[in-house]
Amino acid sequence: MKLPTKTTSKRPSKPRAGKKPEPNVPCEPAVEDARTGLSAATLKRAFRNHLFFHQAKFDTIATPNDYYMALAYTVRDRLLQRWINTVQTYLKKEVKVVAYLSAEFLVGPHLCNNLINLGICDKAREALAECGLDLDEVLEQEEEPGLGNGGLGRLAACYMDSLSTLEIPAIGYGIRYEFGIFDQIIEDGWQVELTDKWLLLGNPWEIARPENAFCVKFGGHTEHYRNEEGRLCVRWFPDHIVKGIPYDTPISGYKVNTVNMMRLWKAEAPESFDFQDFNVGDYYGAVEEKVAAENLTKVLYPNDEPVQGKELRLKQQYFFVSCSLQDMIRIHLMEEDDLDNFYKNFAVQLNDTHPSVGVAELMRLLLDEHHIDWDRAWDITTRTFAYTNHTLLPEALERWPVELFGRLLPRPLEIIYEINRRMLDEIRIRYPYDDAKLARMSLIDESGGRFVRMANLACTGSHAINGVAKLHTELLKQHTLHDFYEYTPEKFSNKTNGVTPRRWVVVSNMKLARLIKHTIGDKWITDLEELRQLEDYADDAEFRAQWRQIKLDNKREQARAWCDYSGAKTDPEALCDVLVKRIHEYKRQHLSVLHIVTLYNRIKHNPGIDIIPRTFVFGGKAAPGYFMAKLMIKLINSVADVINHDPDVDGRLKIVFIPNYNVKTGQRVYPIADLSEQISTAGKEASGTGNMKFSMNGALTIGTLDGANVEIRERVGADNFFLFGLTAPEVMDLKAKGYSPRDYYYANAEMREAIDLIGSGYFSHGDADLFRPLVDSLLDHDEYLLLADYQSYVDCQDRVGRAFRNQEQWTRMSILNVARMGYFSSDRSIRDYCRDIWDVKPVPIVLEQGLPEINGNNANNE
């Protein structure tokens with residue numbers, strides 16, 4: 001890095017004779033403010049300042065992380081200017097704010113995304129180059145916040161990006177986990193979990209707001225009494241209280257001045273240190289309360305098999321929801337005298353069942369803290385909340401044991417009982433002779449133990465309920481939530497998921513983004529339907545050649561990276577067949593393995609067989625307590641170890657398992673894929689968003705009619721989608737008739753040979769027991785119908801191989817996939833929510849230069 005150079009200023013020139021100088025007009029350009037200016041020179045100056053004054057480092061001793069932090073603070077300054085303007089505008093106008101409640105926000109790296117959104121990526125590259133630094137190397141230093149497990153958290157992040165880009169007032173509320181989703185390494189083919197210390201070197205993007213802390217109650221008991229007006233009231237006397245400290249992160253929009261915020265809550269003890277315990281020698285007791293409180297937000301998704309894990313999970317959900325609702329009420333009462341119009345100022349979206357305890361908590365706050373009568377409180381609550389369901393899997397519809405719920409949250413449980421009593425009374429009138437319906441719709445499940453049904457609570461307390469893909473929504477109506485749909489059909493609608501093209505094309509695939517901008521302009525970045533113009537170029541041979549070259553360049557770059565860190569040598573010109581997502585039996589990564597073993601057997605039987613070369617890329621994490629998913633990872637790596645080193649294969653098949661798959665890794669993988677595997681059992685995946693990201697980057701899809709695959713196929717055209725497998729009705733019909741996986745096994749020689757090879761110990765150094773649980777599960781149960789779909793899948797993969805030989809036609813299909821993906825932008829999804837559910841309008845932000853005046857009389861002392 002170069003040392004700062006001394007600058008000189010020129011003397012102003014004299015005005016011409018007979019002409020008076022214009023007042024207040026400088027004779028030379030004003031110097032940009034180092035905190036807000038966007039030129040390369042100003043960014044360079046700000047970068048130096050932050051390195052010196054914030055990091056307290058100079059070039060000789062600065063680390064790569066210091067350079068990253070200095071650039072991050074430089075960018076954050078520009079965001080804060082827009083953030084303050086945004087908040088000031090919201091306070092001046094009557095705006096309705098979207099409050100997006102999510103237990104996960106998988107935002108990914110911030111720096112590059114913010115550079116793109118501010119339009120200063122090239123200027124930052126120039127500024128760093130003048131300091132002898134490479135922007136890409138600095139970007140690589142950013143530690144990714146692992147605040148999510150997969151699609152749910154990534155969707156929340158995409159929606160926050162779109163809310164800001166569309167200039168919609170919004171706050172994303174969640175949890176500031178000290179340790180996020182575990183870091184995954186692979187040892188001897190097995191997943192090993194390591195602590196994700198994402199905060200170890202500091203987080204330059206967040207700002208702590210301890211002055212806006214709130215207290216959350218747990219345990220204890222309630223007392224009922226009548227006030228002076230004779231109204232029944234309740235006091236909750238908790239066993240312990242936890243304080244929630246908000247940490248705010250600015251979320252920028254693309255080339256607009258709107259910067260919304262993500263507010264994440266950290267748990268602390270009201271008192272961190274007990275001097276009395278300390279003075280009598282109880283040194284652990286002196287800090288025991290602090291340790292216990294801070295454990296609440298220590299880790300994302302504790303193992304909830306033991307009681308302690310369930311307890312911590314429920315406490316996490318209630319903690320962040322209570323803090324968030326108290327915060328909204330605080331903001332509302334800054335301008336309003338009462339809470340009657342609360343729902344007009346906040347539209348609260350429940351991102352799956354995790355925050356659904358908010359229905360009971362808002363009622364508690366309105367009833368007990370603000371003394372509003374039940375009917376008015378219930379009207380406010382139901383007008384405030386809307387619920388997005390993200391799953392069709394029964395085990396994912398959360399239920400909490402009544403004993404646990406009552407022990408931790410006695411007052412919210414009383415409120416749930418009362419909501420349930422009133423709702424069931426109404427249902428009895430509507431369906432007087434249907435006790436089975438009453439039992440199914442009750443908020444308390446009493447069929448074998450007693451549980452609080454969180455999805456039922458969300459449905460009852462929300463004015464809108466939506467699924468996240470057409471098929472998913474229809475299955476909710478017909479099966480999962482059928483009783484609620486029949487009871488209140490007007491609440492239900494579909495809001496197909498979308499992903500942000502800023503993160504998933506502009507940031508992750510810069511070469512492709514440049515080609516598209518050069519060809520059709522850049523309006524597509526905020527209006528993805530503009531990509532339709534690319535259809536005109538699908539038959540242009542020169543454009544197809546450029547398109548192919550970009551894909552090849554991306555694959556070559558990634559092949560070098562794989563070789564550097566793992567020694568795996570892959571052929572960039574081979575078909576890149578990618579399956580990256582959370583490891584789960586219903587996502588059927590082991591179906592892909594069966595196909596690979598089938599190809600391997602064909603080669604072993606006929607070493608000269610003409611098979612299109614393929615590189616199979618896997619990635620994803622298994623839940624730490626999910627044995628079968630972890631065994632699937634071991635299987636993938638064991639098969640890779642044999643096939644990658646078998647001379648008969650001669651490089652025609654290669655398998656790569658990418659460890660620690662996350663957002664940053666995804667940004668590298670989506671641009672290299674030729675084929676996107678979306679092979680879950682039909683009727684099991686709610687939507688999927690990886691399918692959209694792959695298609696936006698030019699991959700063709702092989703998939704079932706599951707989740708958003710259905711709509712992707714409709715949009716891109718059946719000729720540009722490789723379809724296989726049973727449909728959702730066929731899956732249900734087959735199971736209803738009695739599915740026997742062994743019948744398929746005995747009837748299919750290639751399948752039998754592949755399964756037997758795995759079961760024989762061939763891929764496990766002769767250990768026939770290692771993969772026996774997986775083989776037995778397939779032959780005796782096959783819950784997700786791999787064997788029923790096997791032949792259709794293998795035949796479809798053969799069609800893929802034949803199609804890939806014709807590179808001109810394949811490229812044409814790739815271009816059409818991208819051109820027809822406009823519907824799957826998260827911008828479209830958010831517009832749908834704004835129009836149909838939230839009733840929220842954009843609020844443009846005008847950027848005011850300079851700092852706002854300070855007037856101590858306006859200080860908010862609440």
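Me: What makes the overall shape agree with a compact globule?
Reply: For 862 residues, a compact globule would have a radius of gyration near 29 Å, and the protein chain has 29 Å, so the two agree. Along the principal axes, the C-alpha atoms fill a box of roughly 90 × 85 × 60 Å. Of the contacts with a separation of 6 or more, 76% are between residues 24 or more positions apart. The chain has 33 helices and 23 strands.

Me: How confident is the predictor in the protein chain, and where is the pLDDT below 50?
Reply: The average pLDDT is 93, and 93% of the residues score at least 70. Over residues 1-29, though, the pLDDT is below 50, and this stretch has 15 contacts in the model beyond near neighbours in sequence. Where pLDDT is low, the predicted coordinates should not be read in detail.

Me: How do you know how many disulfides there are?
Reply: Two cysteine sulfur atoms have to be within 2.5 Å to count. By this rule the count comes to 0 disulfides. Take C576: the nearest cysteine sulfur, that of C563, is 15 Å away, and C576 is in no disulfide. Buried means under 20% relative accessible area, and C576 has 4%, so C576 is buried. C233 also counts as buried, because its relative accessibility is 7%.

Me: Why is the pair of Y745 and Y746 called edge-to-face?
Reply: Because over 60 degrees between the planes counts as edge-to-face, and Y745 and Y746 have 65° with 5.1 Å centre to centre. Y745 is buried at 8%, whereas Y746 is exposed at 53%, since exposed means over 50%.

Me: Which residues do ring pairs link into a cluster?
Reply: They are Y100, Y159, Y833 and W838.

Me: What makes helix 3 mostly covered?
Reply: In helix 3 (residues 111-118), 8 of its 8 residues are buried. They are L111, C112, N113, N114, L115, I116, N117 and L118. Just after helix 3, G119 takes a positive phi of about 75°. Helix 26 (residues 709-716) has N709, V710, E711, I712 and V716 buried, and is followed by G717 with a positive phi near 100°.

Me: Is T165 buried or exposed?
Reply: T165 has 7% relative accessibility, which is under 20%, so T165 counts as buried. T165 is found in helix 6 (residues 151-165). Leaving aside residues up to four places away in sequence, T165 touches G253, Y254, V256, R502 and T526. From T165 to I186 there are 39 Å in space, C-alpha to C-alpha, and the two are 21 residues apart in sequence.

Me: Which phi values do E167 and K255 have, and are these residues buried or exposed?
Reply: E167 is not a glycine, yet has a positive phi of about 60°. E167 sits in the loop between helix 6 and strand 2 (170-175), and at 18% counts as buried because the cut-off is 20%. K255, in the loop between strand 9 (240-252) and strand 10 (259-268), has a positive phi near 50° and is a residue other than glycine. At 52%, K255 is over the 50% limit, so K255 counts as exposed.

Note on methods. Residues numbered from 1 in each chain as written. Predicted model: local features only at pLDDT ≥ 70, side-chain atom pairs only at ≥ 80, totals over all residues. Heavy atoms only, no water. Buried < 20%, exposed > 50% of the residue type's maximum accessible area, 1.4 Å probe, protein only. Phe/Tyr/Trp six-rings, centres within 6.5 Å; stacked < 30°, edge-to-face > 60°. pLDDT = per-residue confidence, 0-100. Contact = heavy atoms within 4.5 Å. Helix = DSSP H or I, 4+ residues; strand = E, 2+ residues; numbered from the N terminus. Rg over C-alpha atoms; globule rule 2.2 N^0.38 Å.
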